[in-house]
Amino acid sequence: MKKGLSKIALALFAAGFAFSVSAADIKVGVASDATSLDPQEQLSGQTLEMSHLVFDPLMRYTQDLQFEPRLAEKYERIDDKTVRFHLRKGVKFHSGNDFTADDVVWTVNRLKSSVDFKAIFDPISEVKKVDDYTVDLITAKPFPLVLQTVTYIFPMDSKFYTGKTEAGKDKAEIVKNGDSFASTNVSGTGPFTVKFREQGVKLDYARNANYWDKASKGNVENLTVVPIKEDATRVAALLGGDVDMIYPVAPNDLERVKNGKDSQLVTLSGTRAIIIELNQNTNPALKDKRVRQAINYAINQVGIVEKINKGFGTPAGQLSPKGYAGHNEALV
C-alpha cells in the first residue's frame, strides 16, 4: 500500500550563499550523515550522496530520469545477456592511480559480497574485462534493468584498497557499522576529496583540482556537511546564518523558511514511495485479499498528503514513479 510520492524541500540562506561565479565555501546542514566513507557498506541516501561527491558512477540519472554516461562513455548490448561498457580514459583516482577496467571488475565483485548491495547485483553473474577500458556485465538470464543497476557502481581504487593494514586486516573488507580501512580511508575519482571527518559532527570536502570532467560547472571550493538531527534546530541554524543551506525542510517548517528575511525555499520532485508492508506469515488474516483491500481503503492517502505532508507528496497508485521502468500512466 502506497502512502505517497515525496517532494524534496531544501533551503538556502541568501545572505551567506554564493550565487556568483566566484569561489565559495559552503556549509550545509543535513538530517544525518553517511555512516561510513565506504560506498559499499550501507545502502542509504546519505551514502549515495557521499558517493556522488567523492566517487563517480559508471552511469547516473539526470533530473528527468534519463541515463547519463560518466565513467562509462558509452555502452552497447552484445547479446540478450551481455552489456558492454566502454570506459573513459585519462581518469585518475585521488591517490594518483589510473582508472581502468580492473577497478570496475574489482568493484562489482565486491558489491556482490556486500550485505546491502548483493541483492541488487545478484542478476549479474559475471563481470568480465575485455581490455583495459572495456568491461562486459553478463547476467544469468535476460535482465532489463542493467543500466539501472549500473547507477550503483561507483568504481573504487582497487590498488588503494588491496593489501593489509598495519594491523594485518584486509583493506578490502566490508564491516557493517564497524571499523574498516575503507570506512575511514578513501580514494575516488569524484569532484571532491575528503579533507576531514568526525562522524556525527562534520564532514569536510575540498574540490578535486584534477577532476576529469573539466566541463563540470560549480564554484564550490570547500564543502562542509554538518548533521543536525532535529528539524527545528536545523531551521534555526539556517535562519541564524550558521549554515548556508539545509535539507530536508520538514513540512511544519516550510512556511517559516519561505517567509524568512534572508532564506529561500527550493522544492524538487522526488521519487521516494512510502509503503506499508503486510506480513501474512505473522497474521494469517492478511492472506485474505479482502482484508488487505479493506486496510487499503481505510487509509486516507489524500488526507496524509494534505495534512501531514502539507501538500508535499502525491497519492500513489503504484510503486514505480513517472520516469521509472514499469510506470503505468493509467494507474493513479
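Tutor: A nonpolar core here is a set of buried Ala, Val, Leu, Ile, Met, Phe, Trp, Tyr and Cys residues joined through side-chain atoms within 4.5 Å. Buried means under 20% relative accessible area with a 1.4 Å probe, protein chains only. The model is predicted: local features need pLDDT of at least 70, side-chain atom pairs need 80 or more, and totals for chains, interfaces and linings use all residues. Numbering starts from 1 along each chain as its sequence is written, and side-chain values use heavy atoms, without hydrogens or water.

Student: Which residues touch the most other members of the largest nonpolar core?

Tutor: Leu58, Phe85, Leu87, Val108, Leu137, Val150 and Ile153, out of 28 residues.

Student: And which element supplies the largest share of this core?

Tutor: α2, with 5 residues. Helices are DSSP runs of H or I, at least four residues; strands are E runs, at least two, and both are numbered from the N terminus.

Student: What does phenylalanine 85 touch?

Tutor: Its contacts (heavy atoms within 4.5 Å) include Met59, Tyr75, Leu137 and Val150, leaving aside residues up to four places away in sequence.

Student: Switching to the sheet. What is the strand order?

Tutor: β5-β6-β8-β7, open and antiparallel. Strands pair if DSSP finds at least two bridges between them.

Student: Why is one side of β5 and of β7 left without a neighbour?

Tutor: β5 (72-79) and β7 (124-131) are at the edges with a single partner strand each, so one side of each has no neighbour in the sheet.

Student: How many bridges join β7 and β8?

Tutor: 6, in the antiparallel sense. Aspartate 131 sits opposite threonine 134 in β8.

Conventions:
Buried < 20%, exposed > 50% of the residue type's maximum accessible area, 1.4 Å probe, protein only.
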